[in-house]
Amino acid sequence: MSMSRREFAQLLGLAGAAGVLPSTGFAALKHSADPYEVANFGNVRLLHMTDCHAQLLPIYFREPNVNLGMGAAKGQAPHLVGDKLLNHFGIASNSLEAHAFSCLQYEEAAVKYGKVGGFAHIKTLVDRLRESYGREKTLLLDGGDTWQGSGTAYKTRGMDMVEASNELGVDYMTGHWEFTYHQEEILKNIKAFNGEFLAQNVFVTEEALFSGAEEYIYDEDTGHVFQPYSIREINGARIAIIGQAFPRTKIANPARFIPDWTFDIYDGKLQEQVDNIRGTENVDAVVVLSHNGMDVDLAMAGRVSGVDVILGGHTHDGIPSPTVVKNNGGTTLVCNVGSNGKFVGVMDLDIRNGKVEDFRYRLMPVFSELLAPDAGMAKLITDIRAPYLPWLTEALAPADELMFRRGNFNGTFDQVICDALRKVNDAQISLSPGFRWGTTVLKGQMVTMEHVLDQTCLTYPETYVREMKGSELKLILEDVADNLFNPEPYLQSGGDMVRVGGFDYVCDPAESIGSRISEMTLDNGEKIDAEKSYKVSGWATVGARSEGADIWDVVAEYLKDRKVASIDKLNTPKLKNVEGNPGIIDYPV
Amino acid sequence: MSIDRRSIVKVIAVGGALMGASVLMPRIALAAWSKEAFEAKEQTAAMKALLGSDALEESTEVNLKAPDIAENGAVVPITVVSTLSGVESMSIFVEGNPSPLSAEFIIPAGTQADVSTRVRMGKTTKVTAVVKANGKLYSASKEVKVTIGGCGG
């Protein structure tokens with residue numbers, strides 16, 4: 001591989017320019033070089049961000065200690081955690097980048113290095129990476145999951161993030177959680193977006209064509225709801241950018257918000273699109289901006305040829321260097337750039353003789369203390385937040401331990417959500433979806449309503465309480481486990497395992513559907529009976545709308561009553577067949 | 001294109017309705033010919049009742065298009081196309097359904113063997129397309145996943 005790991009490691013290892021830094025943890029490090037000084041390479045620079053989940057302000061975000069790869073994915077990027085990930089990519093332990101890419105010594109390092117992300121800080125970094133290269137030679141691409149994940153995005157139906165994206169200067173985007181508003185709201189948001197919204201895999205249903213959809217869809221002949229691709233000439237090179245929205249949107253999220261559109265992975269159509277672009281558009285490079293998730297991108301890169309780079313998202317994997325996938329047409333680089341505004345990917349391409357000759361890649365962590373906030377963006381964020389500040393900043397309870405979500409199984413913040421559902425709704429068992437968004441709260445920090453919204457803020461937040469048979473519970477767990485651990489990437493749907501409260505189980509990820517889950521046992525030691533009914537509470541139902549209170553109000557009530565954010569017991573499965581898997585460290589049971 | 005997509009869809013829909021009528025009427029006339037096949041609870045029994053045999057030859061000239069994961073199990077889009085000569089009928093079986101035979105299309109001589117429909121699927125199972133051509137049965141199969149959904153990252 002041609003990318004220089006050493007160069008990257010050097011750059012980041014020597015953190016902290018004298019005089020630039022505020023006098024916090026970083027100032028004490030006495031480093032001499034600037035971690036954001038990047039050598040220019042080639043003639044086109046692609047800047048890539050994804051899955052920020054509407055985090056406008058700097059946050060803490062702990063990378064997972066469990067991200068198992070099964071079958072052929074075992075031990076391969078992105079299924080590496082902790083020191084296994086650092087060793088694979090040649091990153092020095094106890095360094096700035098070790099903290100960015102792994103969960104090792106998380107709390108200690110988080111205190112030392114401070115928060116990450118924040119749009120005002122990302123803006124400063126992006127501008128700098130554009131100016132130093134020549135603004136006209138750069139593009140900023142956003143892989144989506146931008147309009148959802150915060151209280152302000154919820155209240156403004158995503159429009160706050162459209163404004164922030166415009167201020168940031170996003171050139172292209174595709175989507176997933178963008179589709180959790182109503183169709184007409186999505187179209188309105190896209191209209192207000194200054195860049196281009198691309199999706200080659202979203203089609204109008206035939207029923208909708210009879211009822212007026214032709215008025216707004218991009219191409220009535222092909223059925224594309226959105227523009228499938230765009231061509232841009234940059235510094236003498238013609239580049240095609242193809243959008244790939246999350247193909248399982250109508251399965252993973254409520255179909256009722258977007259009844260007229262249909263999504264999937266269409267390898268054949270994508271190949272046709274690529275061949276057609278290469279045949280008629282005289283392009284020098286083809287880029288896919290994808291929300292497939294990294295496993296699906298890797299599989300797709302092997303099946304579809306003619307794509308130079310896949311800039312991917314969805315699975316929230318902060319991967320320091322691209323995976324090079326061989327296919328019929330040569331090779332495709334597959335990147336994934338983490339989540340929550342924590343990283344900006346920098347792909348410098350050397351495009352000559354009608355093709356990509358070489359590249360350099362760096363995944364830059366956005367350390368907020370190392371980057372002065374952009375004044376214009378900071379003002380916009382203040383204005384966006386102003387009407388909702390009393391709601392967002394309400395103090396609920398101090399964190400008595402590290403509160404986090406990300407990981408294949410349970411996290412401490414999810415346990416709090418599960419405990420809240422059981423307590424407030426008087427249920428024996430609780431279920432909470434294994435989303436990969438949700439920020440981290442350090443021990444001693446005050447948990448505010450905003451933190452709870454970081455974990456829960458979606459457009460179908462209603463809770464439910466209902467009787468469920470043991471056999472139904474098992475079915476749910478098996479189904480979700482298959483969406484996560486099926487060795488065939490196209491049969492996965494993203495997300496992590498459903499979080500549970502009030503019972504434990506044994507999980508064998510290497511098994512097949514129907515056989516992964518066993519020994520479901522209530523906290524009191526009683527085995528869950530397939531025929532017996534249990535009172536179950538949960539939230540985020542994708543079918544019909546539930547009737548209960550919004551999940552954030554349930555969690556807020558629980559935390560205010562309890563007066564401290566902590567857990568008594570973590571309900572997480574005992575695992576089988578994961579010994580030696582480099583996708584797991586420090587697992588509690 | 002001289003005709004837009006919406007018009008084509010409308011033409012197809014109208015044509016489909018007419019075709020359905022012309023195909024269905026002889027069925028009524030022939031009374032019991034397909035009842036046993038459509039009501040069979042088991043796939044091999046349905047095949048035998050409909051086609052006289054369940055001896056299928058897998059063929060690359062039968063192209064079955066179905067999603068890897070159904071977006072909605074109630075309406076799963078299925079397309080069957082065949083390049084075989086002498087195609088007489090094309091039928092679709094969903095193995096795990098209570099009644100596995102979902103559809104049969106009679107292909108008159110000189111007609112392009114290219115059909116699309118939607119089938120209902122209650123659970124993850126194998127979909128099989130059977131093409132009868134020159135008296136022999138050719139097939140293609142694909143498993144389609146039906147999931148409860150939710151929990152997307």
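In chain B, 62% of the contacts with a separation of 6 or more join residues 24 or more positions apart. Keep in mind that this is a predicted model. Chain B has 153 residues, and 32% of them count as buried. Its elements are three helices and eight strands. Read from the N terminus, they run α-α-α-β-β-β-β-β-β-β-β.

Start with the sheet in chain B. Five strands form an open sheet, in the order E1-E8-E7-E4-E5, with mixed pairing. Strand E1 (57-58) and E5 of chain B are the edge strands, and each pairs on one side only. Look next at E4(B) and E7(B). Seven bridges join these two strands, which run antiparallel. Take B:Met90 as an example: its bridge partner in E7(B) is B:Val131.

Helix H3 of chain B covers residues 43-51, and its buried residues are B:Gln43, B:Ala46, B:Met47 and B:Leu50. Seen down the axis of H3(B), these buried residues fall within an arc of 100°, so they line one face of the helix. What lies over them? The cover of the buried residues of H3(B) includes helix H2 (35-39), strand E4 (87-94), strand E5 (101-106) and strand E7 (125-133) of chain B. After H3(B) comes B:Gly52, with a positive phi near 85°.

Chain B also touches chain A. The contact takes 18 residues from chain B and 35 residues from chain A. On the side of chain B that touches chain A, the residues divide into six nonpolar, six polar and six charged.

Move on to chain A and its strand E1. This strand spans residues 44-49. Is it enclosed or open? Six of its six residues are buried, so E1(A) is largely enclosed by the rest of the structure. In a regular strand, side chains alternate between the two faces of the sheet. In E1(A), A:Val44, A:Leu46 and A:His48 point one way. A:Arg45, A:Leu47 and A:Met49 point the other way, and all are buried.

Which strands pair with E1(A)? Strand E13 (residues 343-352) of chain A is joined to E1(A) by five bridges, and the two run antiparallel. Here A:His48 has A:Gly345 of E13(A) as its bridge partner. Strand E2 (residues 138-142) of chain A is also joined to E1(A) by five bridges, but these two run parallel. In that pairing, A:Leu46 is partnered by A:Leu139 of E2(A).

Next come the helices of chain A. Two packed helices are described by the angle between their axes and the distance between the axes. Helix H7 (residues 159-168) and helix H13 (residues 375-385) of chain A pack at an angle of about 175°, with their axes 10 Å apart. That makes H7(A) roughly antiparallel to H13(A). From H7(A), the contact uses A:Asp160, A:Glu163, A:Ala164 and A:Glu167. H13(A) brings A:Gly376, A:Met377, A:Leu380 and A:Ile384. The residues of this contact of H7(A) with H13(A) divide into four nonpolar, one polar and three charged.

Another helix pair meets at another angle. Helix H15 (residues 412-424) and helix H18 (residues 551-562) of chain A pack at about 85°, with their axes 9 Å apart. That makes H15(A) roughly perpendicular to H18(A). The contact residues of H15(A) include A:Val416, A:Ile417 and A:Leu421, and those of H18(A) include A:Val554 and A:Tyr558. By class, the contact of H15(A) with H18(A) has eight nonpolar, no polar and three charged residues.

Finish with some backbone details. Most residues other than glycine have a negative phi, and most peptide bonds are trans. A cis peptide bond joins A:Ala77 and A:Pro78, with omega about 5°. A:Pro78 sits in the loop between E1 and helix H2 (82-89) of chain A.

A:Asn282 has a positive phi, near 55°. Its loop lies between helix H11 (267-280) and strand E9 (285-290) of chain A. A:Asn340 also has a positive phi, near 60°. The loop holding A:Asn340 runs between strand E12 (330-336) and E13 of chain A. Is each asparagine buried or exposed? A:Asn282 is exposed, with 10 other C-beta atoms within 10 Å. A:Asn340 counts as buried, with 29 C-beta neighbours inside 10 Å.

Note on methods
Residues are numbered from 1 along each chain as its sequence is written. Chains are lettered from A and ligands numbered from 1 in the order in which they are written. This is a predicted model: local features need pLDDT of at least 70, side-chain atom pairs count only at pLDDT 80 or more; totals for chains, interfaces and linings use all residues. A residue is buried if 20 or more other C-beta atoms lie within 10 Å of its own, exposed if 12 or fewer, and partly exposed in between; C-beta atoms are placed from the backbone. Helices (H or I, at least four residues) and strands (E, at least two) are DSSP runs, numbered from the N terminus. The arc is that of the directions from the helix axis to the C-beta atoms. Two residues are in contact if their C-beta atoms, placed from the backbone, lie within 7 Å. Two strands pair if DSSP finds at least two bridges between them. Axes are lines fitted to C-alpha atoms, for helices over the stretch in contact, and angles run from 0 to 180 degrees between N-to-C directions. Angles under 35 degrees count as roughly parallel, over 145 as roughly antiparallel, 65 to 115 as roughly perpendicular and the rest as oblique. Ala, Val, Leu, Ile, Met, Phe, Trp, Tyr, Cys and Pro count as nonpolar, Asp, Glu, Lys and Arg as charged, and the others, Gly among them, as polar.
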